[in-house]
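Dear colleague,

Please find below the structure that I am handing over to you. My findings follow it.

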Amino acid sequence: HTEFNIDTIREDFPILNRKVNGKPLVYFDNAATSQTPKQVIDVIVDYYSNYNANIHRGVHTLSQEATDLYEAARLKIQQHFNAKHSYEIILTSGTTHGINLIANGFTNLLEKGDEVLVSALEHHSNIVPWQMLCERSGAILKVIPMNEKGELIIRDYDALLSKRTKLVFVNHISNALGTINPIEDMIKKAHQVGAAVLVDGAQSSPHIKPDVQALDVDFYVASAHKMCGPTGVGLLYGKEKWLNKLPPYQGGGEMIDQVTFEKTTYAGLPHKFEAGTPNICGGIAFGAAIDYMNAIGFDAIATYEHELLDYATAQLSAIEGLKIYGTADEKTSVVSFNIEGIHPYDIGAILDKLGIAVRTGHHCAQPIMDFFKIPGTVRASFAFYNTKAEIDALVEGVKKAKMMLS
Ligand code: PMP
């Protein structure tokens, strides 16, 4: 695609032709999982048709070809996120895996009384592993609070930072509200007190091309399945100095140098963190997904998605009794809302009857729901293959649901 042409883009996604409950599918659950273009599906079919073999072991041709494709994908990922070295890219099963790998690795690097900061806007997968780490290490978990708009309160963050702070965890974009957090500023400030920062890029990587070196971030994690790739694969970027300091996460094949029953030595980066047979096809398809998104272009994607967000926000806000949660000045592609007196689940069920896929519930972010004193929201999240006409269908659907349920 040389320019952004929504019609040709939509033709790339076979699933957008399907009907749900007799209606054309309107897919607004992109923050949970994005859809897959045929360019990526073709790579998956091609892999299993022509290259399927285990990697890094065989002398035989298939194994070497599969290894070359997998390592080529690592290079694509390195380039896309602008890591200095390809061995700073660890292929994981997804964001959750990457976070747990780091949280586990810090167990013996923290001391009782050390502090770790986590933002109030986190997904459970960027809360629970750190709570477990604090239980193991005796470190103390502190929360960077947010305001009514769903923005982090940066002066409170400044006040929380001290020489005791060892780690800071923040997502680049909140999955529940769409808030874009000021990670550049937060990383700089954390480094001033000597703390390392992990950025959860699960929600930002589909919308913003990050530069991990420019950000100077210590760790960055994301999932392929939110970036037009398959499930079960993702990346962990870590600065070389940190990855060398951290112990392996899982033991097994692939991650060793020498094994005897007396002592095992570990492989170098990245293999030290890649025990066992990985999602080989998934990694290769992740590379294809990155190529696909870059061919469209992240600037074009951001501009178009912003139009969708503004349009949806205006149209939905005009519905009486509808309240949007998350009204940050900097936000992307997510409208989280409720209608007074109606349970979000009931709205979601009626929308599904109309072929419209949204997420309802707490979005794996219960502390955010507690903050607003609600059980959950209806969340519509947009991707670059959505249209204003689909938003019109959503708005009509929400009006219908409101009429039926009030
Ligand atoms: N963090 C955020 C902000 C997310 O939105 C998600 C997925 N909803 C995750 C982490 C977890 O990603 P995964 O399930 O792919 O490991």
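Strands β7 and β8 run parallel and are joined by five bridges; strands count as paired if DSSP finds at least two bridges between them, and elements are DSSP runs numbered from the N terminus, helices (H or I) of at least four residues and strands (E) of at least two. In this pairing Leu167 stands opposite Ala196 in β8. Please note that this is a predicted model, in which local features need pLDDT of at least 70 and side-chain atom pairs count only at pLDDT 80 or more, while totals for chains, interfaces and linings use all residues. Residues are numbered from 1 along each chain as its sequence is written.

Strand β7 (residues 165-171) has seven of its seven residues buried, so it is largely enclosed by the rest of the structure. A residue is buried if 20 or more other C-beta atoms, placed from the backbone, lie within 10 Å of its own. Four bridges also join β7 to β5, and these two strands run parallel; here Val116 stands opposite Leu167.

Contact here means C-beta atoms, placed from the backbone, within 7 Å; angles run from 0 to 180 degrees between N-to-C directions, with axes fitted to C-alpha atoms, for helices over the stretch in contact.

The ligand is surrounded by 14 residues, of which Gly94, Thr96, Asn175, Ala202 and Ser223 are the closest; a residue is near if its C-beta atom, placed from the backbone, lies within 6 Å. This shell has three nonpolar, 10 polar and one charged residues, where Ala, Val, Leu, Ile, Met, Phe, Trp, Tyr, Cys and Pro count as nonpolar, Asp, Glu, Lys and Arg as charged, and the others, Gly among them, as polar.

The chain is assigned domain 1 (6-30 + 297-405) and domain 2 (41-294), with bounds from an automatic or database assignment. Their contact takes 21 residues from domain 1 and 22 residues from domain 2.

Yours sincerely

Methods
Contact = placed C-beta atoms within 7 Å. Buried ≥ 20, exposed ≤ 12 C-beta atoms within 10 Å, placed from the backbone.
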